[in-house]
Structure formats: structure tokens, C-alpha cells
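Please look over the structure shown here before reading on. The briefing after it is meant for someone meeting this structure for the first time.

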Amino acid sequence: VVLSQTCFAFKEIVEKVGENNFNLALMLRKDGQIDLARKYLLLSANNNNSLAMFHVGIALDDYGWGLLQQSSVSSEWFKKSAELGNAHAMAVYARYL
């Protein structure tokens, strides 16, 4: 029981870190620090933050956040985000099917 509680607590910490990285990315982007913002956006997306994944997908679709356009890769990010329940990602990913 203790191990499962520890695993659950660790999962919550990872989720919070992902949320904080995404919020930091948004603040840095607003401040014009695109390179640093992109770093935290990708870090958050790789920590299973579905909103960050959605933004990576958008960025790869239209040169946002200083990323090169890669539509084939963007669809994968939309799919990952959709699988985590992001309704916007579900709608966008549907156009790739």
C-alpha cells in the first residue's frame, strides 16, 4: 500500500512539474524569450501535459514557437494530446484521419 501511495504521489508531482513548465513557457513566450519558452514547452509536453502537447502540435503545424513546420510530426502531438483527453486536440487530430 505504501508503494502505491508513493507512486501516486510521484505521479502528482510529475503532473505539477509539467503544468509549471507549461505556465513558465507561456510567460517566457509572452516576454519574447522564444528559445527558452520552447525549451519549457517541449519539456512540459514530454512530461505528458496534454495542453503543452497540443501547443507543440500547433507550433509544428504553423511555424509557431520558433519550430520548423512539420505537419507529419504535429499530427503525432495532436494524437498524444487527444489520447490524454484534450478535446481541442481530438478535433484537430480528426482532420488527419
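Predicted model: local features only at pLDDT ≥ 70, side-chain atom pairs only at ≥ 80, totals over all residues.

**Helix 5 and its two sides**

- In helix 5, which spans residues 87-94, the buried residues are Ala89, Val92 and Tyr93, and because they cover an arc of only 100 degrees around the axis, they lie on the same side of the helix.
- Ala87 and Ala91, on the other side of helix 5, are exposed.
- The cover over the buried residues of helix 5 includes helix 3 (50-62) and helix 4 (71-83).
- The N-terminal end of helix 5 is capped by Asn86, of which a side-chain oxygen lies 2.9 Å from the backbone nitrogen of His88.

**Helix 2 against helix 3**

- Two packed helices are described by the angle between their axes and the distance between the axes.
- For helix 2 (residues 34-46) and helix 3, the axes come within 7 Å and cross at roughly 125 degrees, an arrangement in which helix 2 and helix 3 are therefore oblique to each other.
- The crossing of helix 2 and helix 3 is left-handed.
- Where these two helices meet, helix 2 contributes Leu41, Leu42, Ser44 and Ala45, while helix 3 contributes Ala52, Met53, His55 and Val56.

**Leu43 in helix 2**

- Leu43 is found in helix 2, and it counts as partly exposed because its relative accessibility is 37%, a value between the 20% and 50% cut-offs.
- Although Leu43 and Phe22 are 21 residues apart in sequence, their C-alpha atoms are 8.1 Å apart in space.

Definitions and conventions:
Residues numbered from 1 in each chain as written. Heavy atoms only, no water. Buried < 20%, exposed > 50% of the residue type's maximum accessible area, 1.4 Å probe, protein only. Helix = DSSP H or I, 4+ residues; strand = E, 2+ residues; numbered from the N terminus. Arc of directions from axis to C-beta. Contact = heavy atoms within 4.5 Å. Polar contact = N/O pair within 3.5 Å; in protein donor to acceptor, adjacent residues only side chain to side chain. Axes fitted to C-alpha atoms, helices over the stretch in contact; angles between N-to-C directions. Parallel < 35°, antiparallel > 145°, perpendicular 65-115°, else oblique. Left-handed = near helix turned anticlockwise from the far one by under 90°.
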